[in-house]
Number of protein chains: 4
Amino acid sequence: MGMVGGGRGAFIGAVHRMAANLDGQIELVAGAFSSDPEKSKLSGEDFFLDAERVYGSYAEMAEKEAAREDKIDFVTIVVQNHLHFAVAKTFLEAGFNVICDKPMTLTLEQGLELREIVAKSGKVFCLTHNYTGYPMVKEARRMVRDGELGRLLKVVAEYPQGYAVGDVEGEGQGKISNWRADPKVAGASNCMGDIGTHAHNLVRYITGLEIEEIAAELTAFIPGRELDDDGNCLVRFTGGVKGLIFASQISNGDENALSIRAYGTKASIEWHQEDPNELIVKYANAPRKTYRRGNDYLGSAAAANSRTPFAHPEGFIEAFANIYLAAAGAIADQLEGKSAPEGGYDFPTVDDGVAGMAFIEATVRSSQNNAAWVKPKA
Amino acid sequence: MGMVGGGRGAFIGAVHRMAANLDGQIELVAGAFSSDPEKSKLSGEDFFLDAERVYGSYAEMAEKEAAREDKIDFVTIVVQNHLHFAVAKTFLEAGFNVICDKPMTLTLEQGLELREIVAKSGKVFCLTHNYTGYPMVKEARRMVRDGELGRLLKVVAEYPQGYAVGDVEGEGQGKISNWRADPKVAGASNCMGDIGTHAHNLVRYITGLEIEEIAAELTAFIPGRELDDDGNCLVRFTGGVKGLIFASQISNGDENALSIRAYGTKASIEWHQEDPNELIVKYANAPRKTYRRGNDYLGSAAAANSRTPFAHPEGFIEAFANIYLAAAGAIADQLEGKSAPEGGYDFPTVDDGVAGMAFIEATVRSSQNNAAWVKPKA
Amino acid sequence: MGMVGGGRGAFIGAVHRMAANLDGQIELVAGAFSSDPEKSKLSGEDFFLDAERVYGSYAEMAEKEAAREDKIDFVTIVVQNHLHFAVAKTFLEAGFNVICDKPMTLTLEQGLELREIVAKSGKVFCLTHNYTGYPMVKEARRMVRDGELGRLLKVVAEYPQGYAVGDVEGEGQGKISNWRADPKVAGASNCMGDIGTHAHNLVRYITGLEIEEIAAELTAFIPGRELDDDGNCLVRFTGGVKGLIFASQISNGDENALSIRAYGTKASIEWHQEDPNELIVKYANAPRKTYRRGNDYLGSAAAANSRTPFAHPEGFIEAFANIYLAAAGAIADQLEGKSAPEGGYDFPTVDDGVAGMAFIEATVRSSQNNAAWVKPKA
Amino acid sequence: MGMVGGGRGAFIGAVHRMAANLDGQIELVAGAFSSDPEKSKLSGEDFFLDAERVYGSYAEMAEKEAAREDKIDFVTIVVQNHLHFAVAKTFLEAGFNVICDKPMTLTLEQGLELREIVAKSGKVFCLTHNYTGYPMVKEARRMVRDGELGRLLKVVAEYPQGYAVGDVEGEGQGKISNWRADPKVAGASNCMGDIGTHAHNLVRYITGLEIEEIAAELTAFIPGRELDDDGNCLVRFTGGVKGLIFASQISNGDENALSIRAYGTKASIEWHQEDPNELIVKYANAPRKTYRRGNDYLGSAAAANSRTPFAHPEGFIEAFANIYLAAAGAIADQLEGKSAPEGGYDFPTVDDGVAGMAFIEATVRSSQNNAAWVKPKA
């Protein structure tokens, strides 16, 4: 594996490396870790890389790696949002598989174009919507698919955070990384783009529902900010399902309180990211059940995505690593000329990325129209 | 105390009686428990009443009680929604204080008229928005008032229930009491009127915020129903605060999961009706705190509304009884010619009832206009 | 009902009155609320009693009430421990039914004598081990009886409190009521007598197990105290079941954290007094279940001891009131000449009181012998 | 790093490898994964090792690695209990640093001997009492050391599991690995040795207390078993602290419910392994606090042992990896001739292993003497 971005001090780059390391199946061997060649070099030393495979730019890396016999099997892209498209395009066209951080691109248009590039390349493209890597999220998805909830009626997905609230009272934009506050780098939305998309992706992954219409109210509570730090949406899903998606970075004291509740005619489920090893199932007239990771009674996907027996808590890095393992499996199959397993691979694709970009675009468009109902464009 | 409605088998009548009994300060001595005089009489026997004070109609009761030396100090109204107005008017005009179940009236217009009747009567009128009787709700209100949360930014209040979902798949309207499904008896809304108003009242009580604009999507998931069994609202509160209010009777497996989250610049609070003895306070960079009922560190209102030391759980009936005690205190003061204490009385009034009716009317009006933003009319 | 003790300011007297009031079936009409006749009189006024039925001593009360046509149906005894025996004996021998606070007597010998007095009297004697009044405790008992746990293997019951810890660092005995620190008033044990017996009673009520041998280590952490404020016990129960019973008043910050865990070959249960409306059931290889009060799927005892539908939390007072209702039912049957219902009455009797006194005596005896194994004497 | 034991299918070997992999600082390069050379070879292929560094026996491995220029920096020992001593001795005497699974040895005598061997070798010896790797455990330790709890009074540590209960009703020893049921392989205790020692170690790590006397009741509930599957202990700690340590493998439905409660005169702490990212702190008269991993308000040890910001749950593998990182740091310092940092290293040593063996020996000795009080021998 190679990496673009994610040098010293970058949070998400470190997470990607731990996820890749965990199972001893993936080895980081090359990288362009910074647009500053000197910084890139120092990061390469941190990661014990051969100096000749530490590059000063992603373009150089794509070119030189493509020429090597022992070239990387895939590249991981952990640069700022506005560069995702160019880097992904470069590597895909140079014949590499790609794992890319989300949101996939700066704009929906870029997303649609990237979809075509991926299709043309025939390469594996994986988007790290990491929360779908949790075993109990996979169990929730299985329950919905197996009809255990009956017909779905309502879905509530939320992702409240508070990390940006310190800045509300006039201390500037401090805690939100500057680039996330800049539309030219982050895109049309901050909060919905950064975490609202995770809630949206989680709904799609577990329930299979798509948004038909959405009415969104985005707010920038932090004085002087161009982009939203809070958003609340009414949603009309496919199949007559109704619901809410809301996210926030000014919900003071909340941490990563991503959760989903899906209500069906037979049963309902509830899952909380901060307590990821449990899945709560509720019924009209029977005791509630708590499904817990690592138990034999769980479905095959939950089992396959667990590393330890029950009640040895698994968390964020393990879920992230599950996305890596699934993508690595697809890449290995491709390298070995194998076809996909029945049921396909289980990682977020370029299509999920397009759906996410369409979600962001729709929420911004609705909000600019006083929370009018709008249809996503993809 | 006298009671209109609430005879044998009526859930809410029994709750009112337990609330009145609990502290040994209030005695039920008269009633018109049913529109069927025979049933009323049997109920009177259940409650050990003198036969002569068990009446066949509320009109008879108001007239005969008014003529007695030892007349009741107040009447409790626990009839169906559409009768609240007429019964309240009758007793107020006959010179009685009134405790009335919610929603206050059938329509907003009735609510506005009742407000004038109350004002003219000079009598005590208490509406049993019982959830504000919980000690930790009072502590939450104190925190907001004392500025401990800083400036409020966002409020999320919800009341998901699942009791009506059994009927979704075509088995009729079964579990929702027939009268709640009938607009002529229940009013313009079922779900928002029955429980959405509780969420709305809780927001107002704790935060002091009023709704400036609301965009509501009400749904009747149960085939053949005229009234909503689910509703989701975007809200713009006074002071630039944003938020969500949602309620449901088809959230399968949820019970009475009323909760509120209020996010401020200094701290945030979270309270759950099903775990009422705790109040969670969250901060940007300090450990979360859990305030627990019955402790010496709580404010005076929480203390005054507790009956037992910490960790002897108190619940729904105790909270309900707190509303009764507060109203009874006002009634006693009036009987004894005392003026109200500094800070006033702490029970929901006719003004709260009008606000609730305006909330219901606004959600229905918005929903009929495709969730357009509307302003409440009162 | 009449009351001995429990005047102004007494915590447990107020609880008993609320429990008696709650359901409108029991009326306080007489009392000797204090050994000081003036204080007794003032308390009687608080409770709206006829002055002639407020007595200056329990002996006077027993005598005068016995002579009345409209005498009380039963007396509630809420005096200090060392007076329980004498008051109970006096009223039983005067022909009254008795509800008595726990621990039942000052010594095991008194307990055994009281058992004979009760038997001879033919009267109802109810001991307020109130925690067995919770609906979910009754559901737990049903599960064990119905064999849903299989064969029991292990039981862990605990009651940690922290209220006495403030005094550890030399500030005297402050927070423990003086009389509880005095062996002549409280008996041979403070902590095990006051709350350890509740844990012990809960085990017996739910599981039906008796202690065969116990090894106890009691400690007085508070300097200068004669009686224990903490106790830990290894237990060998009937049927080869093993376990632990521990209680504490120096577990700083714990409130009334009474809990029980009973482990069987088929399933296990877990119940926490501070979260009393839930009962957790665990299995070897199936999702955990949470049984919640008020649901239709519960057994008849849980249902009969609930007053409101699910998720309107019920608590300590309601559980206490259930003990009162059960005892009042037995008293009413006796007054009306009815025999007991099939399955008997469901309240703690003098036999439970004797078992509690034997438990206290055994823990003290073991502890005095360096935690040697001892057998309870009854 | 090299590994002895832990080939294909071995749970704990896989955990050690993931822990070593996670941070990209440690590379597995050699191993003797099975006593069957063929199996060892296949495992080596799984782990992408050079065939020449996959050995057929640990003795061969120690000898050949010692002779290499690029020899391993340390060996990880994950064989069955009875082989720990011989393998550790062999590698220490061959000049290697050692990371060893617990319990450290088969007997206390071996433990004492190993302590001398380690001392003589001058090598790093790390015992993987992995639960002390959790950040919030380190925060708890800091609180005790900084005096935030005041003087300790009582400690309750427990580790209930249920995995062995399926066999109680006569189906043999099935679910307990055969070797754990065999005293010649597992040692004098199964349950106390396997998990009781974790509870004991956790107490020592957080509180610094040692056991002065212990009274233990061990039980083999599974018919036909030679070794205990449940154990309950009364404990007298240094400094007059009292408490309980109990562990079980027949607590049906419990998973890895390791927890500790430490009660002090100023405050108390509570930590649960299944919810490892939270630490609850309780006070006599102040709101409870919940400290959560990843926040800036935590001490340096908690911070240094976290990989991600708050509320990205970290779990078992991360805690395990913290032990590896700490040991690897010590090994690196030794290789580079650096002295230990101020305050020393933070991983369990041979002394902790000796304490654990002494704990096991004492519980078995006490239990064989009818739970008499005994003193640990080391």
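Start by selecting strand 12 of chain A together with strand 13 (residues 288-292) of chain A: four bridges join the two, and they run antiparallel. Now pick out A:V281 and look across to strand 13 of chain A, where A:K289 stands opposite. Follow the chain from one strand to the other and you'll trace a hairpin, with four residues between strand 12 and strand 13 of chain A. Keep in mind as you click around that this is a predicted model.

Strand 11 pairs with strand 12 (residues 278-283) of chain A, in the antiparallel sense and over four bridges. To see one pair of facing residues, select A:E270 and find A:I280 opposite, in strand 12 of chain A. Strands 11 and 12 of chain A form a hairpin too, and here five residues sit between the strands.

Time to zoom out and show the whole of chain A. How many helices and strands does chain A have? There are 11 helices and 13 strands in chain A. The radius of gyration of chain A is 21 Å, close to the 21 Å that the globule rule gives for 378 residues, so chain A is as compact as a globular protein of that length. Of the 378 residues in chain A, 63% are buried. If you look at contacts with a separation of 6 or more in chain A, 68% of them link residues 24 or more positions apart.

Now hide chain A and bring up chains B and D. Here 10 residues of chain B are in contact with 10 residues of chain D. On the chain B side, those residues divide into four nonpolar, three polar and three charged.

Click B:R288, and its bridge partner in strand 13 of chain D is D:T290.

Last stop: symmetry. Rotating by 180°, with 0.0 Å of shift along the axis, superposes chain B on chain D with an RMSD of 0.0 Å. The two copies are therefore related as by a two-fold rotation axis. To find where chain B comes nearest that axis, select B:K289, whose C-alpha is 2.3 Å from it. Both copies use the same surface, since 100% of the contact residues of chain B recur in chain D.

How values were computed:
Residues numbered from 1 in each chain as written. Chains lettered and ligands numbered in written order. Predicted model: local features only at pLDDT ≥ 70, side-chain atom pairs only at ≥ 80, totals over all residues. Contact = placed C-beta atoms within 7 Å. Nonpolar A, V, L, I, M, F, W, Y, C, P; charged D, E, K, R; others polar. Pairing = 2+ DSSP bridges. Least-squares fit on C-alpha atoms with pLDDT ≥ 70 in both. Rg over C-alpha atoms; globule rule 2.2 N^0.38 Å. Buried ≥ 20, exposed ≤ 12 C-beta atoms within 10 Å, placed from the backbone.
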